[in-house]
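Let's take a walk through this structure together. Keep the sequence and the 3D view side by side as you read.

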Amino acid sequence: MNQEKSSLTVEKLKTGIEGFDLISNGGLSKGRTTLVAGTSGSAKTVFSCQFLAAGIEKMDENGVFVTFEESPLDICRNMSGFGWGIADWEGQGKWAFVDASPDPDIETIEAGGYDMGALLARVEYAVNKVKAKRLVFDSLGAIFDRFSDRTIVRGELFRITASLKKMGVTAIMTAERAEEYGDIARFRVEEFVADNVVIMRNVLEASKRRRTIEILKFRGAYHQKGEYPFTIMPDEGVIIIPLSAMELVHSSSTIRITSGNKELDNICNGGFFRDSIILVSGATGTGKTLVATEFIGGGIDAGERCLLLGFEESRGQLFRNADGWGRNFVKMEKEGKLKVYCEYPESASLEDHLIAVKKMIDEFKPDRVAIDSLSALERVATVKGFREFVIGLSAFIKQKEIAGLFTAVTASLMGGTSITEAHISTITDSIILLRYVEMYGEMQRAITVLKMRGSMHDKAIREFNIDGQGLHIGKSFRNVTGILSGVSQQILPEDAGRVEELFK
Amino acid sequence: MNKHLLTLYITGQTSRSEIAIANLRHLCAEELRDEYEIKIIDVLENPQLAEDEKIMATPTLIKELPAPIRRIIGDLSDKEKVLLGLDLRRRK
């Protein structure tokens, strides 16, 4: 039994690639070969280069790159944008190329039996030369294309993998796939090459590109399952966004913080929790931006650092709005307490936005973050991509133990829910609804705290109005029903009283 | 006739290497008389040379001279193909 157990825990080699070590529960299987399969343009080469670069930069582990497609010069050039000084590393004896890229000028004729003895000898020579711990084969399909006898190539690749194991290097071999969801790789290389398979995808979904990485199998080792979105950033390379792999370790705070509005604090039983996520949902013009502004203002008044992310309005508009409600954002920013970041949702992919936001939070170290509005970001993503973004962002904010307030726009003016709510409602700790109510031929506004995890709160639907000082919450709509559904109806005071008696 | 300069890359003293060497010697004696020079390189002893020449498969025969440079991989048992590769036969 014990033996079985120990064989199940294959030692891992930390790759140093952000996110990958997390989803792979510690990295690639040490001393083994992992197949990285993907369609053309799925960033296999970037990922493999990063595997070697991270080894050199972070772990002091040298690498060998065996290239069958691009020439070493092209690789150095293409990867320089990620800040990897491959040519320098080559000079320092940290990186070695085995150049098996095709030479178009040389014609090769096959006349009789052959093997890949020379290639293997070169690989062994390069590994010994730089004392490599890591190795990349890019790509297997290219070898098959160069030789007519596939049986020989298969046999030889098998031999090469076996000798890599003997040399103790942890290797990545890349392979092409014909389609995103189909055979693992061309020539069925996965069958004889590797116990470990990673698939990189670049899927076109509703005319948007979405990159994902999936660990299909790690023989004898645990890993996270399913597809994880990733993005490619200049100066960094592949960044994998672990979503469900994030541990729910965030402790829960019982410290209350102000919402920036006394009356709102009151109906929330004293304010929001320190590390909670609050969703403010309402139709356009109901006052969501105001709630976000007060949330920021309240934080600054309490001496906290605040980050406001605007995806709907420009900086100018946000500042003018705040000014109109008696909050001076210009002064707050000058004092270094506030950072306002405005960006059009369309300016980048959702993955890139997420990374930008995370980076900003890491750098600015705010105590609270407001996003106005989250639903604007829905425009640039698929439903799946948006859900992953919301989960990823919320988890990150919770991990940092800061307060987050997101606004979401409902599609219809009266009642209704937003798509954002559907994805986020279980993640958020508090939900505040802002609604229009039609009463006696007049539009009034209503506010209610729909949920507040771990706390009592006012269950009433209250009217509120907005003036130059901000938001003012008034009495509850005692004799109106159907506000949340958008079909409000007057009821007689006697009926209201009777219902109240029933629930006493 | 121009002098032929031929380099044969092999991996160790295997039977395949020996077949290739024998095939090459035999063929040269038959077809090129004295107008040739053969160099044999064992990639296990000279991996850097194999790297410089980007040799993948062994045995590999390189016809360095006369131009153009040509590569023939395999143990050279397919004589017709070898002659074709060395430009000693016209292509059909």
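What follows starts with some ground rules, moves to the interface between the chains, and then visits a few local features.

This is a predicted model, in which local features need pLDDT of at least 70 and side-chain atom pairs count only at pLDDT 80 or more, while totals for chains, interfaces and linings use all residues. Residues are numbered from 1 along each chain as its sequence is written, chains are lettered from A and ligands numbered from 1 in the order in which they are written, and side-chain values use heavy atoms, with hydrogens and water left out.

Let's begin where the two chains meet. Chain B brings 27 residues to the contact and chain A brings 29 residues, where contact means heavy atoms within 4.5 Å. Between them, the chains bury about 2,400 Å², with 56% of it on carbon and sulfur atoms; buried area is the accessible area (1.4 Å probe) that two parts lose on being put together, summed over both. On the chain B side, the residues that lose the most area to chain A are B:Lys54, B:Met56 and B:Ile73, together 32% of what that side buries.

Three salt bridges are counted between chain B and chain A, a salt bridge being a side-chain nitrogen of Lys or Arg within 4 Å of a carboxyl oxygen of Asp or Glu. In a salt bridge at 3.1 Å, N to O, the side chain of B:Glu51 meets that of A:Arg122.

Which elements of chain B supply at least two residues each to the side that touches chain A? They are α2 (47-52), β4 (70-73) and α3 (79-85), with helices (H or I, at least four residues) and strands (E, at least two) taken as DSSP runs, numbered from the N terminus. Strand β4 of chain B also pairs with strand β6 (residues 108-110) of chain A, in the parallel sense over three bridges; two strands pair if DSSP finds at least two bridges between them. Here A:Ile109 has B:Ile72 as its bridge partner.

B:Pro66 lies in the loop between β3 (60-65) and β4, and a cis peptide bond with omega of about -10° joins B:Leu65 to B:Pro66. B:Pro68 is in the loop between β3 and β4 too, and the peptide bond from B:Ala67 to B:Pro68 is cis, with omega near -5°.

Now turn to chain A. Strands β22 (residues 462-467) and β23 (residues 470-476) pair in the antiparallel sense over five bridges, and a hairpin joins them through two residues. Within this pairing, the bridge partner of A:Phe464 is A:Ile473.

Over all chains, the structure holds 27 salt bridges. One of them joins the side chains of A:Asp429 and A:Lys398 at 3.2 Å, N to O. A:Asp429 lies in the loop between α16 (419-424) and β20 (430-439) and A:Lys398 in helix α15 (residues 383-399), so the pair ties together parts of chain A that are 31 residues apart in sequence.
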